[in-house]
Amino acid sequence: MTVLRPATLAAALAARSEHPGALLVAGGTDAMVAINSGRLRAEVTVDLTGVGELASWSRSGSTIRIGSGLTYTRLIAELGDLCPGLAMASRTVGSPQIRNRGTVGGNVATASPAGDALPPLVAAGAVIELASTDGVRRVPIGAFLVGPKRSLLAPNELITAIELPVARGPQQFSKVGPRNAMVIAVCSLAVDVDVASRRVAVAIGSAGPTTLRALEAEAVASAAIDWTTGALGDADLARFAALVAQAARPIDDVRGTAAYRRHALAVLARRSLGWSLEALRRAVA
Amino acid sequence: MTRLVRSITEMEGRFEEKWVLVSDDEPEAWASDRPLAIVGHETPRTTGPTRVSGAARYTTDVSLPGMLHVAALRSPLAHGRVTGLNREAALAVPGVRAVLDSTDTLSFRSRSGPLYAEPEHAGALLAVVAADTLVAARAGVKALALTIDPLPFVIDVDEAFRDQRIDGEIAEESRGDVDAALAGADVRVELTVETPTQLQTALEPHGAVGWWTEGELTCWVSTQGIFDARSELAKRFSVAPERVRVVADFIGGGFGAKQGAGVEALLAVELSRRTGRPVRFINDRHGEQLDAGSRPATRQTVRLGATGQGDLVAIDSEVLTSFGMTGWRAVNTPAMTLYRCANARGVEANLKLHLRQGNAFRAPMVLEGVTAVEQAMDELAITLGIDPLDLRRRNFVDVDQPSGLPYTSNQLLACYDRVAELSGWVGRDALLEPSEDGLLRGMGCATQIWWGGGGPPSHATIRIGGDGIATVVTGIQDIGTGTLTAAQMVAAEELGLPLDRVRVTGGDTRPNVYGPVAGGSQTSPSVLPAVRGAAAEVKRTLLQLAGDVFEAAPADLDLVNGRFRSSDGALDEPYTEVTGKLGNATVDGSGMRGANPDGMRANTFGCQVAQVAVDPGTGEVRVEHVWAVHDIGRVINPLGARSQVEGGILQGMAFALSEEVAFDPTTGVPTNAWLDDYKIPSIADVPAMTIAFVDVPDTALNNVGAKGLGEPPIIPTPAAIANAFRHATGRRALALPLTRARVVETLA
C-alpha cells in the first residue's frame, strides 16, 4: 500500500489526479474502521491531514466557508454561534477522541445516510465545493448526496469546502440512539428556521437512502407560522410532525424498525420546531 | 495442629461434602466492635497506577521470541456441514506454520470439538491457523476457502417448545401444595417476562499464550482460575500438574466467562507442541462476541398467591432457558428462597437451540430469576395496594427454606430500612407529578439474594526477611475486583505493619499456594481468612523474636503500626530493630481457610432502588439514580467495595436498557456481535449512585467476617429499573431490555 502525504492543496489535487479513486483519509474515523475490519483495501491512500488549507474556516458576508478538514472539535468551539444546528450535530458525533479527529468534509464524503452533520447541512442548503486539477465546481448538498454512501464526488476530485449561510434564525438538531453517546443515529432531524425569508427547512437523517428534505412539511409550517410573533397552532405543529414522518423512507435494520423511526421522527419534528419557535418568540419579545 | 475434617463446601449454590484441611491455630474472628487500623478504611488499589498508565501486562500483551499468532475460522452458519477446506493453500501462505481442523487428531481429549465439522452455532471454531504474524495467519484462514452446506436450525423459542426440543430432564422442585394454595389465595398475580441474551464483553477478550518445552508447559491465560486452568491443562495433555505453570498477572475482566484454561489455551498449547514455538491465540472482538459465551435468554411465568394482608401463600415459577444445546438450571433459586412461603414450586427446562452454549455470567441464573420474581412482587404490591418495600419486609425469611438451615448472617431488613432512608422511598409518589421536562418519573425497588460465603480450600503464605517487607503469596487472580489489595490490607492489619510494608502476589501457579477460582463471589471470604491465618503465625514468631531482642516477655508485647510496644508503654521500638537482625534468614507463616460452620447457610443480601425518567415520545429510559445497600458482612475496603457495586449496577442497567443479542431469523446468525451495535453503557449513561453497606461482620462464617461481593450488586438492578418504569408509566414491559422501540410499543 502506498500512502501519499501531500502538504499543500495543489499537491493533494495532483495526487488525486495521478491516482484516481485513491482512498482519501482525513480524520480516518470511517476509513480506518473499514480498513481494520477488512471491508476496505486500498492500493493508494492519500492522507489529507497535512493540507493546512483544508483545516480552516472563514466568513464572507453572510456565508460561512468551512474547510473540509475542519474537525468537529474546532467547529463546536468556533462556529457554535454562526451555525448552531451544525454545532449541535457535531456535539453528538462519537466521543471526544473521534471529534478531535473527525471532519465535516469526511462526513460529507462518506455520504452515509446516518452522517450526523448531514441533516443540518441539508436543511441549511449547504453547497459543496469540489476541486480537481481541472478546476472547481459547486454542487448543492441535496444533489451531491445521491444514495447510501454514494455521492457526485468524481474519482479525481476532493471536497475542499462546505459553504453555508450564517444562521438566519433558530436551528435545532436532535438524534435518537440506543444510548447517550457513541451511537450511530437510529434517526435524526435538523430544523432550520429562516426568519428573514419566512421559511422553515427540515432534513431527516438515518431514515432513508440519503438525507431527506420534508418539503411538504416545510411548506405547511412556513405558511402556518405567524412570523411576526413566532406563533404556531398545535394542529399545524401536529400536521408538520406527521408530514415529516411521512417524508421519511425508513427501513427495518439492526438499529431500529421503520415503524419506530417514523414515530420518533414525528416526535423529534414536533419538539424541534417547537423549541425553535419558542426561541423565536423570545427573540421577538 | 492441622487436621482433615469432612465438611460441606458451596460454589454458586452447588453443595458438596468433602475432606477439608483445617488448622487449630486459626485466629478467632475479629469481634464486631473491635477497632481496626487498616481493614474497613478506604484504600486505593495497589495496581491502580500500573493499570491506568498502561504498564500492566495482560495476557494479550505477552510477546515471546519466535511466537506464532493464531487466526480462527468460524462457522458463518447456525448449523452446517463443512464440505471443503483447502489446507494445502493455507499452508502455502508465506509464514503459515500449522493448520488444525476437525480432521486432525489432537493430543488432548475433548468431549466435543473444539474444532467442528458440523457446527451447531454461528461462530463455532472450524479451523485455526498459526503463522509468524497475525496478518499471515489471517491470510491463511482466507486461503482455506471454506465451503459449508447449510443444515436446518432452530433458534426460535416458540418453535423449539412446540417441537419439545428439551435438553435432558425438566427440573422441578417444590414444597407444600402450590395448586391448592393458589386456588385459595385472596389475591393472585401472574406475570410472564422475557430476559435477553447478554454477552460478558470483558475488555480483554479470551486468549492465551502457550509454550510447550521439554521441561515445562507454561501458559499465560486470561482466566478467572489459574489453578483450574493448571488442572485442565495437566489432565488434557497428560502432564504432571507441577510441570504446568499458569500465569495471569492482570486480567481485563471475566464476568464468569473465563473458567479454566479455555479452548484458546488448549489450542495454543497444541500448536506449540506441534511447532516447537510459543503460540498466541487471542480472540478478536467479533470472535469474542460470537463465541465466548453469554447469559442465556429466558422466558419466565411467575404466579403469586397472597392473603389480603400481603402474606405470600404460593409461589409458582415456570422457566424456559435458551442455553444452546445444553445448560444447567438454577433460575428458580430466588423463587424458592427469597420470601417466606410454605407452598412454592419451580419448573425449569432448557430448550435445545442452535446458539452458542451459554455459560456463567455474573450471578448466573439468579439475576434472571430475581428479575422475574421481583417484578411479580411489584405487581402483587400494586394489586394489594401495599408499599412494595413493606410487602417485602412482611415476607422476610431468616432461614434457607429448601434446606431449613439458618443463615450465618442476614441483614436484609436493615438493607430495606437504609435504602428507603437514602432514596426517600416513602415520598416516591411525588415523582408522579407532571414535570416541566415532560418526562415520566418513577421509583422501583428489588431485593438481592446470592450465596458468596466462600470456603476451603484456600491458602496463603507470608514471608518476612531482613528488609522488613512482608510478602504475601496467594493463588488467586485479580480479575479487576481489587482482591489483592484486600489481601494486603488484611495482612497488614494482622501483622501490625503499615500497608506499604506488605506486598501481595497472585496470578501464578508456580509457588503452588492454592487459591480458588474468582467465581461465585467467593474470593474474599475464602482467601482473606487464609491470609490472616498466615499473618497471625508470622506475628507470633516476630513477637517471640522481639522478646529475645528486647529481653521482654513475648506475651507482654504487641506489634502495632510497625512498632513493638510493651503493655506498660515502656518499650516502643520500630519493628526493623528485630527484622533488621534477620540477615538472610526469613520468618514464614502459612494459613488456610477453615471449614464453614455446620448446619448453616452463608448468603449475601441487599436491596436496590432505582429512579428512572421515561421520555414517552422517543421511548428513552434514563436511569437517574440508583441507591444500593448490601449485606456482605464486614466491608474490608469500602473504596473497592463501592467500586464493585458501581460496576454491578452499570452491568445490570445495561441488561435492563440496551444489551441484547439480535439474531437474523433467516440464518440464525447474531447480527450485532460487534461493539458498535451491541450497546454496553457509555460514560454518558452512568446514573448517580448512592452506595452503602450494612457493615456487620459475619463472625460465624470466617475469621475476617467478610462475605463476597462479585455477584450481588448486579442482581437487583434490572428488576428495580423495570419496577421504576412501571411506577413511572403505569405499564410493564413484558420483555427486557427497555429499548426505545419496546418502550414506545408498551406505552402505545
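In chain A, residues 24 or more positions apart account for 61% of the contacts with a separation of 6 or more, a contact being defined by heavy atoms within 4.5 Å. The model is a predicted one, in which local features need pLDDT of at least 70 and side-chain atom pairs count only at pLDDT 80 or more, whereas totals for chains, interfaces and linings use all residues. Residues are numbered from 1 along each chain as its sequence is written, chains are lettered from A in the order in which they are written, and side-chain values use heavy atoms, with hydrogens and water left out.

The radius of gyration of chain A, taken over C-alpha atoms, is 19 Å, which agrees with the value near 19 Å for a compact globule of 285 residues under the rule of 2.2 Å times the number of residues to the power 0.38. The C-alpha trace of this chain spans about 60 × 45 × 30 Å along its principal axes. Of the 285 residues of chain A, 53% count as buried, where buried means under 20% relative accessible area, exposed over 50%, and partly exposed in between, computed with a 1.4 Å probe and protein chains only.

Chain A contains eleven helices and 14 strands, these being DSSP runs numbered from the N terminus, with at least four residues for helices (H or I) and at least two for strands (E). Strands are taken to pair if DSSP finds at least two bridges between them. Strand S4 (residues 57-60) of chain A runs antiparallel to strand S5 (residues 63-67) of chain A, to which four bridges join it, and Ser60(A) stands opposite Thr63(A) in S5(A). The hairpin of S4(A) and S5(A) has two residues between the strands, and in it Gly61(A) takes a positive phi near 60 degrees. S5(A) is also joined by five bridges to strand S10 (residues 158-165) of chain A, again in antiparallel orientation, with Ala161(A) in S10(A) as the bridge partner of Gly67(A).

A positive phi also occurs in residues other than glycine, including Met182(A), for which phi is near 55 degrees. Met182(A) is found in the loop between strand S11 (171-176) and strand S12 (187-194) of chain A, and counts as partly exposed because its relative accessibility is 36%. Thr201(B), which is not a glycine, has a positive phi of about 50 degrees; this residue lies in the loop between strand S9 (187-195) and strand S10 (207-212) of chain B, and its relative accessibility of 14% is why it counts as buried.
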